[in-house]
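I opened my notebook today to look around a protein model, one feature at a time. Here is what I looked up, in the order I went.

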Amino acid sequence: MKFDLVVKNGTIITAADTFQADIGVQGEKITAVAQTIAPDGAKLIEAKGKYVIPGAIDGHTHMEFPFMSTTSADDFHTGTFAAACGGVTTIMDFALQGKGESLMQTARNWHAKADPKVVTDYGLHMIVRDLNDHILAELGEMVQYGIPSFKVFTTYRKEGLLLDDGAIFRVMEEVRKHNGIVGLHCENNDLIETLMAGFLKEKKTSPEYFRKSKPAEVEGEAVQRAIMLARCAGAPMYVVHMSTQYGRNRVWEAQQEGLPVYAETCPHYLVFADEVYQRKDAANFVMSPPIKGAADRAALWAGLANGDISTVASDHCCFTTEQKKMGEDDFTKIPNGVAGTEAILPILFSEGVRKNRISLNLWVRITSYNPAKLFGLYPRKGTLSVGSDADIVVFDPDKKVPMTAKNLHSRIDHSIYEEYTATGWPVATIVRGQVVQENGELKVDKGWGKYIARRPVTESETLSLLVGAAT
Ligand code: DUC
Ligand code: ZN
Ligand code: ZN
């Protein structure tokens with residue numbers, strides 16, 4: 001066999017296995033995994049002493065996202081380059097339905113932004129924010145089109161994103177019929193608005209009161225309500241960016257009953273605790289949900305180790321210092337969001353694998369295999385098998401990288417990880433057989449990435465994730 005690319009002498013890690021082997025790539029696909037593959041003129045990537053893993057799938061990004069009177073700072077080029085530098089080979093971005101807009105039109109709008117710029121592959125989740133009978137009928141068409149996952153908000157009423165419980169229930173019922181899944185942003189809107197109004201009345205306007213307006217109960221209540229709605233609809237569901245022990249406990253209980261309830265958390269909830277809201281740069285930590293206490297952080301690690309939290313995604317939605325200043329005198333006006341797509345693999349390795357909280361295989365399961373399974377990308381992505389896309393990351397377990405704004409690749413002038421040095425970093429990222437970044441250097445033209453239409457996912461397929469998940 002004549003290969004275009006050979007990755008040699010690495011230690012291959014998948015969700016299930018660890019072994020020494022070479023990988024042969026022809027075109028965009030892996031066509032051989034064998035003890036020894038002769039390069040024979042192929043491009044050679046030497047991976048001795050490195051881990052060779054399936055590219056991470058960041059299941060939660062907001063590139064050039066119109067939000068809170070501004071637009072997130074990373075566009076699809078800078079954002080996917082940052083993703084690739086962090087070993088992400090596919091992002092799943094949130095397309096936001098405009099008021100009164102058809103979902104197909106929303107998808108077209110997102111393709112127009114993404115297609116010319118992406119350097120990784122991308123899929124879309126669809127945010128449903130304006131529901132009527134036409135939109136309800138369109139949900140099945142979206143699944144057929146390759147978007148089997150939807151997001152609904154239980155908060156952000158003033159931003160026009162909130163769906164009431166009845167509408168959420170209707171979306172769940174309809175999506176279930178088509179083997180799709182509903183992701184939920186779970187925070188109790190009324191409680192948040194009441195607390196915010198109270199603090200503003202008392203002239204308490206700093207970021208610390210953003211955190212105080214969103215106590216852990218805000219998420220706990222909304223997760224519980226979402227599970228009840230999903231149970232009533234007989235539908236699978238996925239809690240996005242879960243940040244609390246309350247949330248984890250409710251998800252775990254539902255899973256004990258055999259319900260198809262899944263959850264994602266984010267790197268920032270795994271590293272920080274809420275004392276960050278006392279810092280000078282507290283505005284940079286204003287994201288929704290906000291970071292909670294140390295006990296919540298410990299519960300999220302326990303959920304990952306136990307397998308009840310299935311994925312870590314970034315909720316990448318970053319804003320410059322200038323943009324964050326919009327809320328200088330009023331915490332409710334600070335654009336919510338943080339950078340994170342470049343942090344997923346390094347943080348989970350440094351804080352997870354190195355500190356014995358998770359195994360190497362679980363690291364890959366959380367970052368690649370599980371999102372591929374949940375979102376209809378498996379086995380095309382999420383593993384290193386013959387026939388899979390050649391989405392491959394060469395990861396140096398000893399490389400130390402201070403995660404400063406200067407060293408990271410997002411188009412912002414600050415980093416919440418400024419004082420953090422990761423040990424372990426992706427040194428090469430290959431997307432469908434093409435090296436996209438090597439040591440932080442971009443190797444492809446804008447637009448190399450492709451839109452990936454995904455397939456519907458049956459309940460038995462995803463439920464299998466919850467059986468003996470953590471290995
Ligand atoms: N949370 C954020 O922090 N930013 C974008 C949207 C969201 O839910
Ligand atoms: Zn959200
Ligand atoms: Zn989000």
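**Entry 1: one residue in a strand.** Before starting, I noted that strands here are DSSP runs of at least two residues, numbered from the N terminus. I also noted that this is a predicted model. With that in hand, I looked up Asn9, which sits in strand 1 (residues 5-13). Its phi is near 70°, a positive value in a residue other than glycine. I wrote a reminder beside it: most residues other than glycine have a negative phi. Is Asn9 buried, exposed or partly exposed? Asn9 is partly exposed, because its relative accessible area of 32% falls between the 20% and 50% cut-offs.

Entry 2: The site links distant parts of the chain, as His62 and Asp315 are 253 residues apart. I placed His62 in the loop between strand 6 (56-61) and strand 7 (66-67), and Asp315 in the loop between strand 15 (311-312) and helix 11 (321-324). His62 has 4% relative accessibility, so it counts as buried. Asp315 is buried too, at 8%. I also looked for the other zinc ion, ligand 2, and found it 3.6 Å from ligand 3.

Entry 3: Eight of them form an open sheet in the order 6-9-10-11-12-13-14-15, with parallel pairing.

Strand 6 pairs with strand 9 (residues 88-96) in the parallel sense over four bridges. Along this pairing, Ala56 stands opposite Val88, and Thr61 has Asp93 as its bridge partner.

On I went to strand 10 (residues 121-127), which pairs with strand 9, again in the parallel sense, over seven bridges. One of the partners I noted is Tyr122, for Ile91. Seven of the seven residues of strand 10 are buried. Asp121, Gly123, His125 and Ile127 point one way, while Tyr122, Leu124 and Met126 point the other way.

Entry 4: Helix 1 (residues 76-85) is mostly covered, with ten of its ten residues buried. What do they pack against? My list reads strand 9, helix 2 (103-114), strand 17 (421-431), strand 18 (434-438) and strand 19 (441-442).

The largest core here has 114 residues, and Met172 and Trp363 have the most contacts inside it. Helix 7 (residues 216-233) gives the most to this core, with eight residues. Leaving aside neighbours within four places in sequence, Trp363 touches several residues, including Ile53, Leu345, Phe349 and Phe395. Another core, of 18 residues, lies apart from the largest one, and among its members are Val7, Ile12, Ile45 and Ile430.

Entry 5: How many cavities of 30 Å³ or more does the structure hold? I found four. The largest has about 180 Å³ of space, and Ala339, Leu408, Ser410, Ile412 and Ser415 are the closest to its centre.

The largest pocket has about 360 Å³ of space. Of its 19 lining residues, Met68, Lys158, Glu159, Met196 and Thr332 lie nearest its centre. Helix 5 (residues 189-201) supplies the largest share of the lining, six residues. Met68 made me stop, as its phi is near 50°, another positive value in a residue other than glycine. Met68 is in the loop between strand 7 and strand 8 (70-71), and at 12% relative accessibility it counts as buried.

**Entry 6: cis bonds.** Last, I checked the peptide bonds. The bond from Ser288 to Pro289 is cis, with omega near -5°. The bond from Tyr378 to Pro379 is cis as well, with omega near 5°.

Conventions: Residues are numbered from 1 along each chain as its sequence is written. Chains are lettered from A and ligands numbered from 1 in the order in which they are written. This is a predicted model: local features need pLDDT of at least 70, side-chain atom pairs count only at pLDDT 80 or more; totals for chains, interfaces and linings use all residues. Side-chain values use heavy atoms; hydrogens and water are left out. Donors are N, O and S atoms within 2.8 Å of the metal (3.2 Å for Na, K and Ca); water is not among the atoms, so sites may look incomplete. Buried means under 20% relative accessible area, exposed over 50%, partly exposed in between (1.4 Å probe, protein chains only). A nonpolar core is a set of buried Ala, Val, Leu, Ile, Met, Phe, Trp, Tyr and Cys residues joined through side-chain atoms within 4.5 Å. Contact means heavy atoms within 4.5 Å. Two strands pair if DSSP finds at least two bridges between them. On a 1 Å grid over the protein atoms alone, a cavity is a set of points where a 1.4 Å probe fits but cannot get out, and a pocket is an open set with protein on both sides within 12 Å along at least five of seven lines; lining residues have an atom within 4 Å of a point. Grid points are joined across faces, edges and corners, and a volume is the space filled by probe spheres set on the points.
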